[in-house]
Amino acid sequence: MTRVLLLALVLAAAGAAGAEEITLPPDHPYGALKPGPGSEVAQRSCVLCHSTDYIVRQPPGDAKQWDGVVTKMIKVFGAPLSDADARTITDYLARQYGK
Amino acid sequence: MTWFDRAITPNEAFFVRYHVFPIPTQVDLATWRLRVGGHVDRPLELSMDELKTKFPAASVTAVNQCSGNSRGRSSPRVLGGQWGDGAMGNAEWVGCRLKDVLAAAGVRQGAAEVAFDGLDKPAFPSVPDFVKSLALARVLDDPNVIVAYQMNGAPLPMLNGFPARLVVPGWYATYWVKNLSDITVVDKPFEQYWQYWMKPAYRIPDNPCGCVEPGTAPKATVPIHRMNVRSFLVSPAPGARLAAGRPVTLKGIAFDGGYGIREVEISDDGGSTWRRVSLGRDLGPYAFREWSAAWTPPRAGAARVMVRAFNRIGESQGTEPLWNPSGYLRNVIESVEYPVG
């Protein structure tokens, strides 16, 4: 809740009548990915569609969990990832966010 | 949670959740139009002025709650946005009735569902756009389903759907499509098209509780729909130090999926005995209902106060959380602990 509040409060709704424009706040520091092999690939690939705070707060999981997640991102959500990058990301997540 | 000691959630405190990126950050009403098309006699392109002048304004005070609110508390844990309890809010929404808009467009014989799309568009064509649908029978005669252009007396904030969003009182927020741009009447169930956000996403086990044995998968699923009963004790805040024998006022809110709250009760003995509390002003069956109770911590030590609500058809909350793989529908009886000195 606190995070949502901060997000909302930081946003300044601007604009003349009829036109509305906002600037999104920067990502929260707590969402930064842990360093480690593959973190750069994960960073540049995942943020094409979502911020990394979505990753770091998931329940920790083994390689099977993370392989399932990465496969879902590709097959269901249409993430444009090469097979090699997908493997790199899965290994990175299982190592840094494993059980 | 501090915002939930009152019935109306301020716009700047309202939760935000999108599904595809990038999300809209600017809208110009000079060019924005709400397109109404598909299986209709007269396709429409409505400006905001037309929405406000061609249709009577309707108002409804209603809770908007994410299907996965409180998902972070699922045990065993599940993947998805790890919400606490803050993915909910209650606002007064003003707009035009969806049924009036559909009547103006002239829904044709054989129409089955209505699909809703907003300005949030995926960055890649391979990513499924966020589109939701409702059965025509669900919306056609419900005067409370509105295309809202006002939230708590102000234009909708950009991140809560400027300039218009669908409001489906009693049903989870997944149907409340933000930054609305297209209403399309279709002649067969929408999930038969390839549409990720109606199937397989946002579905619950096809049984009365919407739950399965923790850690197992459901055999059959249906789209998530009406909200269940929830209640929260919000003030004093959890962990506040209280004095034995000194009365305090407990405050919070309760809500359900549109029948309205009949009764809220608290217990300070682990659920053995329950005491009815006072309900605040009735803002309608879809709204947060404030409640309050004078309560005196009986003795020093750790006190735990539980709260539960009943709606007008007798539905309530359970002592054990119900579980499903998506972490939806959580409505276990909540409790708050206070150190008492």
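B:Asp117 is buried, at a relative accessible area of 12% (buried means under 20% relative accessible area, exposed over 50%, and partly exposed in between, with a 1.4 Å probe and protein chains only). The model is predicted: local features need pLDDT of at least 70 and side-chain atom pairs count only at pLDDT 80 or more, while totals for chains, interfaces and linings use all residues. Residues are numbered from 1 along each chain as its sequence is written, chains are lettered from A and ligands numbered from 1 in the order in which they are written, and side-chain values use heavy atoms, with hydrogens and water left out.

The side chain of B:Asp117 forms a salt bridge with that of B:Lys121, at 2.6 Å from N to O (a salt bridge is a side-chain nitrogen of Lys or Arg within 4 Å of a carboxyl oxygen of Asp or Glu). B:Lys121 is partly exposed, with a relative accessible area of 34%. B:Lys121 also forms a salt bridge with B:Asp129, where the closest N and O atoms are 2.7 Å apart. B:Asp129 counts as buried, at 18% relative accessibility.

## Other salt bridges

Over all chains, the structure holds 15 salt bridges. One of them joins the side chains of B:Arg308 and B:Glu265, at 2.8 Å from N to O. B:Arg308 lies in strand β20 (residues 301–311) of chain B and B:Glu265 in strand β16 (residues 261–267) of chain B, so the pair ties together parts that are 43 residues apart in sequence. Helices (H or I, at least four residues) and strands (E, at least two) are DSSP runs, numbered from the N terminus. Both B:Arg308 and B:Glu265 are buried.

Salt bridges also link B:Arg73, B:Asp85, B:Arg230 and B:Glu334 in a network.

Strand β4 (residues 57–65) of chain B has seven of its nine residues buried, so it is largely enclosed by the rest of the structure. β4(B) pairs in the antiparallel sense with strand β5 (residues 88–97) of chain B, over nine bridges (two strands pair if DSSP finds at least two bridges between them). Within this pairing, B:Ser59 stands opposite B:Val94 in β5(B). In a regular strand the side chains alternate between the two faces of the sheet.

B:Gly153 belongs to the loop between β8 (146–151) and β9 (154–155) of chain B. With a relative accessible area of 54%, B:Gly153 is exposed. From C-alpha to C-alpha, B:Gly153 and B:Lys99 are 22 Å apart in space, and they are 54 residues apart in sequence.

## Chain A

Chain A has five helices and one strand, and from the N terminus on, its elements run α-β-α-α-α-α. Of the 99 residues of chain A, 38% count as buried. Among contacts (heavy atoms within 4.5 Å) in chain A between residues at least 6 apart in sequence, 57% join residues at least 24 apart.

A:Thr90 lies in helix α5 (residues 83–96) of chain A and counts as buried, at 9% relative accessibility. The side chain of A:Thr90 reaches the backbone oxygen of A:Ala86 at 2.9 Å. Leaving aside its neighbours within four places in sequence, A:Thr90 is in contact with A:Ala63, A:Trp66, A:Asp67 and A:Val70.

## The interface between the chains

The size of an interface is often given as the accessible area lost when the parts come together. Chain B and chain A bury about 2600 Å² between them, 67% of it on carbon and sulfur atoms; buried area is the accessible area (1.4 Å probe) that two parts lose on being put together, summed over both. By class, the side of chain B that touches chain A has 23 nonpolar, seven polar and four charged residues (Ala, Val, Leu, Ile, Met, Phe, Trp, Tyr, Cys and Pro count as nonpolar, Asp, Glu, Lys and Arg as charged, and the others, Gly among them, as polar). The contact takes 34 residues from chain B and 27 residues from chain A.

Between chain B and chain A there are zero salt bridges, and nine residue pairs are in polar contact, both residues being at pLDDT 80 or more. A polar contact is a pair of N or O atoms within 3.5 Å; within protein, one must be able to donate a hydrogen and the other to accept it, and residues adjacent in sequence count only if both atoms are side-chain atoms. Strand β1 (residues 19–21) of chain A pairs in the antiparallel sense with strand β1 (residues 26–28) of chain B, over three bridges. The bridge partner of A:Glu21 in β1(B) is B:Gln26.
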